[in-house]
Amino acid sequence: MSTPGQIVWTDLTVSDADNIRQFYCDVIGWSAEPLSMGDYDDYVLYPGEGKDGVAGVCHARGINANVPPQWLIYVTVTSVAASVERCLAAGGRVLDGPRNMSNKPFCVIQDPAGAVIAIIEL
């Protein structure tokens with residue numbers, strides 16, 4: 001993650017991650033590996049053997065309870081705090097966060113048209 005504006009990850013956060021994960025495995029052919037969240041598992045999706053993960057399917061609970069149920073892309077920014085200020089000044093909203101994910105600040109914002117994106121600091 002060295003370039004501002006780069007798409008670095010995609011997550012789907014839903015109430016039934018177990019079944020939805022299986023849906024994408026069946027329909028697209030991805031495989032899934034559990035990722036422990038403590039009391040439950042979320043999932044990393046892979047396009048094939050020996051490949052890097054391409055996305056995650058997460059349960060809408062705990063720290064992810066406020067994340068909308070849609071495919072959410074994560075885009076790098078130089079400063080989450082500064083980007084949040086610009087978002088609000090431009091008529092957008094903050095839906096979740098800012099908070100840390102893997103020791104990096106991130107948050108979910110909504111543009112004035114209602115579209116949602118996650119921003120994560122470099």
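Ser2 lies in the segment that precedes strand S1 (residues 7-14), where strands are DSSP runs of E with at least two residues, helices are DSSP runs of H or I with at least four residues, and both are numbered from the N terminus. The structure is a predicted model, in which local features need pLDDT of at least 70 and side-chain atom pairs count only at pLDDT 80 or more, while totals for chains, interfaces and linings use all residues. Residues are numbered from 1 along each chain as its sequence is written, and side-chain values use heavy atoms, with hydrogens and water left out.

Ser2 is exposed, with a relative accessible area of 63%. For this description, exposed means over 50% relative accessible area, buried means under 20%, and partly exposed is in between, with a 1.4 Å probe and protein chains only. Ser2 and Thr78 are 76 residues apart along the chain, and 9.3 Å separates their C-alpha atoms.

The chain contains two helices and eight strands. From the N terminus on, these elements follow the order β-α-β-β-β-β-α-β-β-β. The radius of gyration is 15 Å, close to the 14 Å given by the globule rule for 122 residues, so the chain is as compact as a globular protein of that length. The radius is taken over C-alpha atoms, and the rule is 2.2 Å times the number of residues to the power 0.38. The C-alpha trace spans about 40 × 30 × 30 Å along its principal axes.

Of the 122 residues, 36% count as buried. The chain exposes about 6,900 Å², and carbon and sulfur atoms supply 52% of this area. Accessible areas come from the Shrake-Rupley method with a 1.4 Å probe; for residues, only the protein chains shown count as cover. Among contacts with a separation of 6 or more, 52% are between residues 24 or more positions apart. A contact means heavy atoms within 4.5 Å.

When residues up to four places away in sequence are not counted, Ser83 touches Val77 and Ile119.

The chain has 7 positive and 14 negative side chains, and the centres of the two sets lie 6 Å apart. Lys and Arg count as positive and Asp and Glu as negative, whereas His and the chain ends are not counted. The place of each charge is taken as NZ of Lys, CZ of Arg, CG of Asp or CD of Glu. Side chains of opposite charge can pair when their charged atoms come close. With a salt bridge defined as a side-chain nitrogen of Lys or Arg within 4 Å of a carboxyl oxygen of Asp or Glu, the count comes to one salt bridge. The side chains of Arg99 and Asp96 meet in a salt bridge, at 2.8 Å from N to O. Both Arg99 and Asp96 are buried.

Backbone geometry was also examined. The peptide bond from Gly97 to Pro98 is cis, with omega near 0 degrees, and Pro98 lies in strand S6 (residues 93-101). Ser102 is in the loop between S6 and strand S7 (104-110). Although Ser102 is not a glycine, its phi is positive, at about 55 degrees. With a relative accessibility of 67%, Ser102 counts as exposed. Asn103 is placed in the loop between S6 and S7. Phi of Asn103 is near 65 degrees, a positive value in a residue other than glycine. Asn103 counts as exposed, at 75% relative accessibility.
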